[in-house]
Amino acid sequence: MRSPLARGLTAAALVLALAGAASSAMAQSDPRLVDAVRAAQEGRGDSARTIVDRLLAATPPTDTLYPQILYTQAMVAGTAGDMRRLLQRVTVEYGTSSWADDALLRLVQMDYATRNFDGAAHNLEKLRLDYPATPLLAQAAYWAGRTYFDMNNPTLACRWLADGMAQSRDDVELQNQLSYMFQRCHLRNDSTVASQTSADSAKADSSKADSAKADSAKARGRGGRAVFQVQVAAIATASGAEDAARKARGLGYKTITVKEKGLYKVRAGGFATRAEAQAAAARIKAKLGGSPFVVAGS
């Protein structure tokens, strides 16, 4: 049975009603899609769908614009069922596109609105595992906090919120929303959380030591000269950092995790020149998203 929130709302209104609390939508780049979204926002849903349907029919599925059209088609869909189907197509058929993580987050919002908390949790964890460097982590943390608290799983809620606060420092409104929910974590007297945190820290320290040994020869130039690395992510929990490191290792890079100022900073490779490191950063960004950048090796 649908929740009262879901009843009586169009698909677009359902997501827009939720997105106001923590907006995440990527801006369409094609002016025709911008016009379609504007038409839907103005209540001209039929016109919006006509624009998008015509553009989709005229665009080959191999075109890089295609996943953006599918995503926009979902945003102007007439029913929640159509919206879900189109968002799932983006995540499955175009999982390497820049729209896949946004589509996953929209699915999380839809699941939460209909109180399908298991579905929301599944998509949240898929977002974290498949897109560890996504810039949407902080927005996802907002929905993860709500989802896991409603599922009576405060341990996961607090982990997500901690990661989200570490990533949202440039967004004051979102930082305040996450901090407000995180107060529930401070009020808890949960020895399980403390125990898990200690275990995560020990695991990270061990992983850091092993990675450092394996990468030491490559991480320095001749004569002890410092070289360059690529910082892939800075995450508040050891488990989240290990997820990001695993993805970077999947691209063929050795990794090291450094804990600084309460954050686990995942760094990849050891490059003799800045140019090599910049090329690696560009490749990591293309494959994993996020904002990787070059740092001097230590």
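This is a predicted model: local features need pLDDT of at least 70, side-chain atom pairs count only at pLDDT 80 or more; totals for chains, interfaces and linings use all residues.
## Helix 6 against helix 8

Helix 6, which covers residues 100-113, packs on helix 8, which covers residues 137-150, and their axes lie 11 Å apart at an angle of about 30°. Because angles under 35 degrees count as roughly parallel, that angle makes helix 6 roughly parallel to helix 8. The crossing in which helix 6 passes helix 8 is left-handed.

From helix 6, the residues Leu105, Val108, Gln109 and Tyr112 take part in the contact, and they meet Gln139, Ala140, Trp143, Arg146, Thr147 and Asp150 of helix 8. Sorted by class, this contact of helix 6 with helix 8 is made up of five nonpolar, three polar and two charged residues.

## Helix 8 and its end

Helix 8 has 14 residues, and the distance from its first C-alpha to its last is 20 Å, close to the 20 Å expected at 1.5 Å a residue. Helix 8 is also mostly covered, with twelve of its 14 residues buried.

The buried residues of helix 8 include Gln139, Ala140, Trp143 and Thr147, and these four residues also belong to the contact with helix 6. Others among the buried residues of helix 8 are Leu137, Tyr142, Gly145, Tyr148 and Phe149. Just after helix 8, Asn152 adopts a positive phi of about 60°.

## Helix 9

Helix 9 is formed by residues 154-167, and its 14 residues should span 20 Å at 1.5 Å a residue; the C-alpha atoms at its ends are 20 Å apart, so the span agrees with that expectation.

Helix 9 is mostly covered as well, since ten of its 14 residues are buried. The buried set of helix 9 contains Thr155, Ala157, Cys158 and Trp160, together with the run Leu161, Ala162, Asp163, Gly164, Met165 and Ala166; Asp163 is therefore buried because its relative accessible area is under 20%.

## Tyr66 in helix 4

Tyr66 belongs to helix 4, which is assigned to residues 66-75. Its relative accessible area is 8%, and Tyr66 is therefore buried, the cut-off for that class being under 20%.

When its neighbours within four places in sequence are left aside, Tyr66 is in contact with Leu56, Thr59, Pro60, Pro61, Arg89 and Tyr94.

Conventions. Residues are numbered from 1 along each chain as its sequence is written. Side-chain values use heavy atoms; hydrogens and water are left out. Helices (H or I, at least four residues) and strands (E, at least two) are DSSP runs, numbered from the N terminus. The expected span of a helix is 1.5 Å times one less than its number of residues. Buried means under 20% relative accessible area, exposed over 50%, partly exposed in between (1.4 Å probe, protein chains only). Axes are lines fitted to C-alpha atoms, for helices over the stretch in contact, and angles run from 0 to 180 degrees between N-to-C directions. Angles under 35 degrees count as roughly parallel, over 145 as roughly antiparallel, 65 to 115 as roughly perpendicular and the rest as oblique. A crossing is left-handed if the near helix is turned anticlockwise from the far one by less than a right angle, and right-handed if clockwise. Contact means heavy atoms within 4.5 Å. Ala, Val, Leu, Ile, Met, Phe, Trp, Tyr, Cys and Pro count as nonpolar, Asp, Glu, Lys and Arg as charged, and the others, Gly among them, as polar.
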